[in-house]
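Hi everyone, thanks for making time this morning. Could you please bring up the sequence and the model on your screens, so that we can walk through them together?

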Amino acid sequence: MAHLDPDHPARPVLEADVRAAREIVDPVVHRTPMQSSEAFSDLAGARVMLKCEHLQRTGSFKVRGALVRLARLAPEQRERGVVAASAGNHAQGVAYAARRLGIDAVVHMPADAALPKVEATESYGARVVLGGDRVEDAMARARAQAEAEGRTYIHPFDHPDVVAGQGTVGLEILEQVPDVGTVLVPAGGGGLVAGIRAALPDSVRVVAVQAERASAWAPSLAAGHPVRVHTGRTMADGIAVAEPGAVPLAVMAGRDVRVVTVSEEDISRTVLALAERAKQVVEPAGAAGLAALVTRRGELADVIDHGRPVVAVLSGGNVDPIVLRKVFRYGMAAAGRYLHLRCTLTDRPGLLAGLLAVVAEAGADVVTVSHVRTGPGLGVDETAVDLEVVTKGRSHAQETLERVRDAGYGAVER
């Protein structure tokens, strides 16, 4: 089996490379399900299929590339061990692959990495080192350890073996949906989308989907080399990459790939819809591709062939339950199903009960009630009441708000 030359890491990965990588991947990974979805087909106006890679071993596609990269290490490299850096998915993929191959692994993670991801990485046998505020800090420490101890640094996306391994997702898509017309893929560093692009024929359109707050692909493709951009905080932390990899870019630059961005609201509403309509729990980054299909129909009109299926890759499902709760809440608010009101009341018995009665009569569900008795703008005999209310949608939320105001309560939406 040919080994992709690490001394020329930016050469394009070809379909033959992906097929060779599959010989390593197939005996180990799950062939993840392909699920049809009438609900999302109706929303997108096309036949939608969901590639459930969030059901993969370790909870994401990352294990594919890690397996190929580690399996192709020279004996002396295996002996010295490997080191990686990640906030979650890559960490678990490397840890699992290392245990499978009997290689000692160290993974550097940010100090605030989610506890379930840290525990999962350790459960696969890797030693986790926490520190720093960002993944970039962890990467710097991992590289320093690699140099000091002679370990091999396992990059999360910028290596031909990794890209080829991730591309095996594309081969499965082609076998499961032979007439596929378009594939939408979450894109951070680009390992997954580049691998899928390499695996598929040009007759299949590929769309790389980024979070608006971490959108480095368009400027990088325009410049012809990786361009570093400023990234903001995003719930889609799995694709919050400031600079794409040179290897993925070499693949993408030579093939037709559309780049689309999605907002925080788009992502959160899609995560919520996946749980409600498809019964799938997917992390925000993993839902980005489907979010573009549902919310950017006009922008994607020229790459969607309505006579052929559209596949959205659900790339990961590793999400902290606390974060998932916040994302669901954000998604409900974005969909107009979550209303936060502040009402200023005279501090007299019975007024709060009256306010709650108005909300109940409107058919809305009060989730929390809190009081603010002192603060700017409040008189000595006044209290502010914050209500968190669940409604049936935007029109119902507006109706509830109007009823509260008509009843004489000075409600302000927060």
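A word on the ground rules before that. What you see is a predicted model, in which local features need pLDDT of at least 70 and side-chain atom pairs count only at pLDDT 80 or more, while totals for chains, interfaces and linings use all residues. Residues are numbered from 1 along each chain as its sequence is written, and side-chain values use heavy atoms, with hydrogens and water left out.

Let's begin with two helices. When I say helix or strand, I mean DSSP runs numbered from the N terminus: H or I of at least four residues for helices, E of at least two for strands. Two packed helices are described by the angle between their axes and the distance between the axes. The axes are lines fitted to C-alpha atoms, for helices over the stretch in contact, and the angles run from 0 to 180 degrees between N-to-C directions.

So, at what angle do α3 and α5 pack? Helix α3, residues 62–71, meets α5 at about 45 degrees, and their axes are 8 Å apart. The two are therefore oblique to each other; on this scale, angles under 35 degrees are roughly parallel, over 145 roughly antiparallel, 65 to 115 roughly perpendicular, and the rest oblique.

Which residues make the contact? From α3 we have K62, V63, A66, L67, L70 and A71, and from α5 there are N89, H90, G93, V94, Y96, A97, A98 and L101. Contact here means heavy atoms within 4.5 Å. The α3 and α5 residues in this contact split into 10 nonpolar, three polar and one charged.

Please keep Y96 of α5 in view. Rings of Phe, Tyr and Trp (its six-membered ring) pair if their centres lie within 6.5 Å, with planes under 30 degrees apart called stacked, over 60 edge-to-face and the rest tilted. By this rule there is one aromatic pair. Y96 and Y124 form it, edge-to-face, at 5.7 Å centre to centre and 90 degrees between the planes. Y96 sits in helix α5 (residues 89–101) and Y124 in the loop between α6 (115–123) and β5 (127–130), so the pair ties together parts that are 28 residues apart in sequence.

Are those two tyrosines buried or exposed? Y96 is buried at 8% relative accessibility, and Y124 is buried at 17%. Buried means under 20% relative accessible area, exposed over 50%, and partly exposed in between, using a 1.4 Å probe and protein chains only.

Now turn to α1 (residues 15–25) and α9 (residues 168–176), whose axes come within 9 Å and cross at roughly 95 degrees. That makes α1 roughly perpendicular to α9. V18, R19, A21, R22 and V25 of α1 touch T168, L171, E172 and E175 of α9. This α1 and α9 contact holds four nonpolar residues, one polar and four charged.

Next, a few single residues. Q166 lies in helix α8, residues 160–166, and is buried at 1% relative accessibility. Beyond its neighbours within four places in sequence, Q166 is in contact with residues including F61, K62, P156 and I196. Q166 and I196 are 30 residues apart in sequence, yet 7.1 Å apart in space, C-alpha to C-alpha.

S315 belongs to the loop between β10 (310–314) and α15 (321–334), and S315 is buried too, at 6%. Leaving out residues up to four places away in sequence, S315 touches E53, H54, G59, S60, F61, P186, L192, A285 and G286.

T58 is in the loop between β2 (48–52) and α3 and is buried at 7%. K279, in the loop between α13 (264–278) and α14, is exposed at 63%.

Methods:
Nonpolar A, V, L, I, M, F, W, Y, C, P; charged D, E, K, R; others polar.
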